[in-house]
Amino acid sequence: MIRRLGSTVLAALFLIVLLLDATLAHAEAERTTERLQLWHNMIYSHREVLTELTQRFERENPGLQVDVIYRETEELRSSYQSAVMGGSGPDLLYGPSDQVGPMATMGIIAPLEDLLPHEFKSAIDPLALVQYQDHLYMVGDKVGNYLMLIYNKQLLPRPPRTTDELIQIGKKQTVDLNGDGRPDRYGLVFNFTEPFFFVPWIKGFGESFFTADGKPNLNTPATIAAFQFIKDLRDRDHIIPAECDYEMANALFKQGRAAMIINGDWSWGDYKKAGIDFGVARLPMVSSTGRWPAPLVGATGYSLNPNLSSHRQALALRLLTFLNSEEAQLAFVNAVGSLPSRLSLRTNRAVTENSWLMNSAELMAVGEPMPVVPEIRAVWDSLRGEYQSVLGGNSTAEAAAARAQRKSLKQIDLMNERLEKDSSIYAMWLLFMGLALWLFFKSWQGLRDILNAQAGSLRFPLTLAAPGIIGILLVVLYPFGFNLVLSFSNFSLNTFRDWSLIGFHHYWDVLTDSAFYTVLLKTLIWTFTNVFLHVVLGVALALVINQTLPAKPLWRTLLIIPWAVPQYITALTWRSLFNREYGPINQFLTHYLHLPALDWLSDPLLTFSACLITNVWLGFPFMMVIALGGLQAIPEELHEAARVDGAGALTRFRMITLPLLMPVIKPAAVLGCIWTVNSLGVVWLVSNGGEPADQTHILVSYIYKSAFNLYRYGSASALSMITFLILLGLGFVLMRKESEVVR
Amino acid sequence: MKAKHLRVMFSLLILTLAAIVSVFPVFYILAMASHGESAFTMDVGLKAFTSADLHNFRQLFLRTDFLIWLRNSVLISTVVALVGVAMASMSGYALARFQFPGRSWILRSILTTQMFPASMLMLPFFIVLTKLHLINSFVGLFIIYSSTALPFCIWQMKGYFETLPRDLEEAARMDGLTSWSLFIKVILPLSLPALAITGLFSFMTSWGEYMIAAIVLQDPQLYTLPLGLKSFQASLATDWGLYAAASLIVSAPVVVLFLALSRFLVSGLTVGSVKG
């Protein structure tokens, strides 16, 4: 045993040496070359071109190395924010144009107009020179990112020109081939619950959803008509599936099981690779108004980190210029067929011989530029919720349009508020002083106790305990203090660089908001239901396994699987299991139990249940193993004795098993409660960030959303402090109860 | 006799149902690895599994940096597991067997650290790591991972030590063993099941962790598996086939470890009570 331990330690040492070696080698390389960093959100096929280009750049600029790092769009945004705030971050950032407004407001991207020569700027499509408040913040290399109607030429020789035609063709193309009462091919598929895919229609019904001066314009007859239009496509004309997210729409179209799809220019390469013979057309003109729906046209491009020294800035600009050169843009046109921002390339054969690109001028003519102001975020957010409640049948179109407008105005106010300190700041200082005094007193007391006790007898346990405890405190204490300070500050979009302490404002705000109590109630229900089911299922299965059964280890192993597979993988899998049309769960319900299919992912209560089911599945093995351990510790003689006394199975369970199991289960259940309250991942992944209509949030996901969606860090910190205090209270109640049982 | 037979049959039926439920999602991932996103729209049944296709697995090993990510993940998780076991067994033993000032306070604050919403720790972690120049280094990850897994590990080790009879230590002390050699030569060897489980737990924490790794590691050469896996995901352009294939390979070592350690799992997993 000791020898084995020794060899483990040796192996560990070996590993550490290896690691140091690697780190040193890394440092060596750093000294000889200068490394530029570029963060981007390019999809896989685009990434290959980018790598090729940066390698060419490195060859042309000896001594320079470019590190290219991919992040998914939302994450790119949040990790870039954190990085620049921490005083670092990449030299160049590549992303969609709509991130320009928020980032410029925060002061985390640099104005470019004075850094780039006039000849360079004038060679580029103005659509790709993204400005905010009269400063240039992004140089786009691609223009587009807009929606259109893509149709399968094999099924459809000619695309519909109007919505009436769309419905007529759609009906003809929605067919049930095998007669099981379910369409095997749909006329039209698209990710229709997402506002980005919905807003073009508002313009088709006569009005913009956003005014030129950056105000939402949602409470209009056009919005109401557009709500109704999509709802009718689904419920009256039945030409789109009842539930359809992006992945499903894409999969159906690629398999030839949908005649038309609404999707963007980024998907062309994918369809080409899948061997689909497709054509592109404008979104069909709205028949009742005679107007075209207006897809949002954006750009993607490069922005500059403002924290750079002038030397690094020059290098970064050199890279930016190279990546926007004719040669670089041409490489993208050839490989992925994107529309280049350099005007000189628009007449290049690579563009003119690409039939889709040639069509794009006609398609984009009816488009509107993608708004870049930060306020658009609030509009997407309010619109998403209300739109989804119309689709879910929980609201009339009229009421939803009015609410969406009201909500987005309110959110814009919240986002832009610049809070000043109020009188509660004195209470805050008192609190801080009290905390400091308490900490000082406690540690002084502890120190005195240690000094007073016989030093010899305490040295051993203290030395043993110290490394672990100090490690925990170090890692947790700073973030905790940081959060405490932030929760009293006005840290938000407008004060990103110059925030200050303001007092208890956010605490009052949270505690007087009725939404908070709704979410709190949901969190409590979520936690107790989960832990209750974990314990019941875990104990029940442990009891079953603990008998004399064949192949005991096999059963145990099979039942542990949900615990062993990483959560972020299984949570996503469960989302597809719950799919309305094709998810195995609904298929089981309809085929074998002859029940109606359930809207697992679009009905609030059912979505909540779906999250619950997923989490119960994830958590029961832990309790089962704990219970198994507890069961095996119960001496068999006790059962024998009881059996001799004539006690039945139920009595024995109640009088022997349960009381002896409780001390083992209780602490695990307390821990389970704490973990369940904080289980962000499951809720976020299964409900896709609180959908439908933000109805499925628990406290942690609610916090996450307000921090990263609306840039309200101060408020989110206060919310997380409150959550922490609630848990603390709950923990103490539970622990007291437990110690009563255990003594 | 007949009643017992019936009971066994009934138990096996329940277990079969439970096993199907617990394994099914994994089969679904397998279908996705073979068929990519078309698995989303497939009818259930064996159809999805009959034409297994290894294309995505080949792609994974030949065309991506999967092996580099694997090496990084193994390295990080192993070190974290070893550090975690060492620190947790020491602290756990001290808390289980000795009375010292602040003991119950420490026990409670260890539990308290689990109560803070993890999503809010990201920004402060990032800032402090930047200041310490630990961005893009495994050392930063070691520190954070070891300490985030520690609270549970300490509790778990403490719970186990409490189940060991005290007579043992008294007997060893009679034989003249010092506190340290008692701990290392008597207690640790007896605690093998708990040590294994604690190690497994720390290993799993770092093996599957994504959010912290994403802020600490920015050099693709240093990526761990979850980070690499995430790079197959893009808004509106996820490569589901690759993602699923990689998921399966990522899950495999953890499942194997579980299997290897499953005989320890039942005896070694004990969460101590608060009062103790």
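Select A:Asn145 to begin: this residue lies in the loop between β5 (135-144) and β6 (147-152) of chain A. Helices (H or I, at least four residues) and strands (E, at least two) are DSSP runs, numbered from the N terminus. Phi of A:Asn145 is near 60°, a positive value in a residue other than glycine. With a relative accessibility of 29%, A:Asn145 counts as partly exposed; buried means under 20% relative accessible area, exposed over 50%, and partly exposed in between (1.4 Å probe, protein chains only).

The model is predicted: local features need pLDDT of at least 70, side-chain atom pairs count only at pLDDT 80 or more, and totals for chains, interfaces and linings use all residues. Residues are numbered from 1 along each chain as its sequence is written, chains are lettered from A and ligands numbered from 1 in the order in which they are written, and side-chain values use heavy atoms, with hydrogens and water left out.

Select A:His238 next, in the loop between α8 (221-235) and α9 (246-254) of chain A. Although A:His238 is not a glycine, its phi is positive, at about 55°.

Move to A:Tyr94 in strand β3 (residues 92-96) of chain A. A:Tyr94 counts as buried because its relative accessibility is 2%. Leaving out residues up to four places away in sequence, A:Tyr94 touches a set of residues that includes A:Trp39, A:His40, A:Asp141, A:Lys142 and A:Tyr302; contact means heavy atoms within 4.5 Å.

From A:Tyr94, go to A:Tyr70: the two are 24 residues apart in sequence and 9.6 Å apart in space, C-alpha to C-alpha. Which residue lies over the face of A:Tyr70? It is A:Arg47, at 3.7 Å from the ring centre. A charge sits over a ring if NZ of Lys or CZ of Arg is within 6 Å of the ring centre and within 35 degrees of the ring normal. A:Lys142, one of the residues that A:Tyr94 touches, lies over the face of A:Phe332, at 3.8 Å from the ring centre.

**Aromatic pairs**

Over all chains, a search of the whole structure finds 44 aromatic pairs. Rings of Phe, Tyr and Trp (its six-membered ring) pair if their centres lie within 6.5 Å; planes under 30 degrees apart count as stacked, over 60 as edge-to-face and the rest as tilted.

Select A:Phe196 and A:Phe197, an edge-to-face pair with 5.8 Å from centre to centre and 85° between the planes. Both of these residues are buried.

Another edge-to-face pair joins A:Tyr271 and A:Phe278, at 5.9 Å centre to centre and 80° between the planes. A:Tyr271 counts as buried at 0% relative accessibility, and A:Phe278 counts as buried at 2%.

**Two helices of chain A**

Select A:Leu315 in helix α11 (residues 310-323) of chain A. A:Leu315 counts as buried, as its relative accessibility is 7%. Apart from neighbours within four places in sequence, A:Leu315 is in contact with A:Glu34, A:Leu36 and A:Leu64.

Then select A:His506 in helix α19 (residues 505-511) of chain A. Is A:His506 buried or exposed? At 3% relative accessibility, this histidine counts as buried. Not counting residues up to four places away in sequence, A:His506 touches A:Leu419, A:Ser487, A:Ser489, A:Asn490, A:Gly714, A:Ser715 and A:Ala718.

**Chain B**

Now display chain B, which has 13 helices and zero strands. Of its 276 residues, 63% count as buried. Among the contacts in chain B with a separation of 6 or more, 75% come from residues 24 or more positions apart.

Finish at helix α9 (residues 179-190) and helix α10 (residues 192-207) of chain B, which pack at an angle of about 75°, with their axes 5 Å apart. Axes are lines fitted to C-alpha atoms, for helices over the stretch in contact, and angles run from 0 to 180 degrees between N-to-C directions. α9(B) and α10(B) are therefore roughly perpendicular to each other, a term for angles of 65 to 115 degrees. Select B:Leu188, B:Pro189 and B:Leu190 in α9(B), which meet B:Leu192, B:Pro193 and B:Leu195 in α10(B). The residues of this contact divide into six nonpolar, no polar and no charged; Ala, Val, Leu, Ile, Met, Phe, Trp, Tyr, Cys and Pro count as nonpolar, Asp, Glu, Lys and Arg as charged, and the others, Gly among them, as polar.

Note on methods:
Angles under 35 degrees count as roughly parallel, over 145 as roughly antiparallel, 65 to 115 as roughly perpendicular and the rest as oblique.
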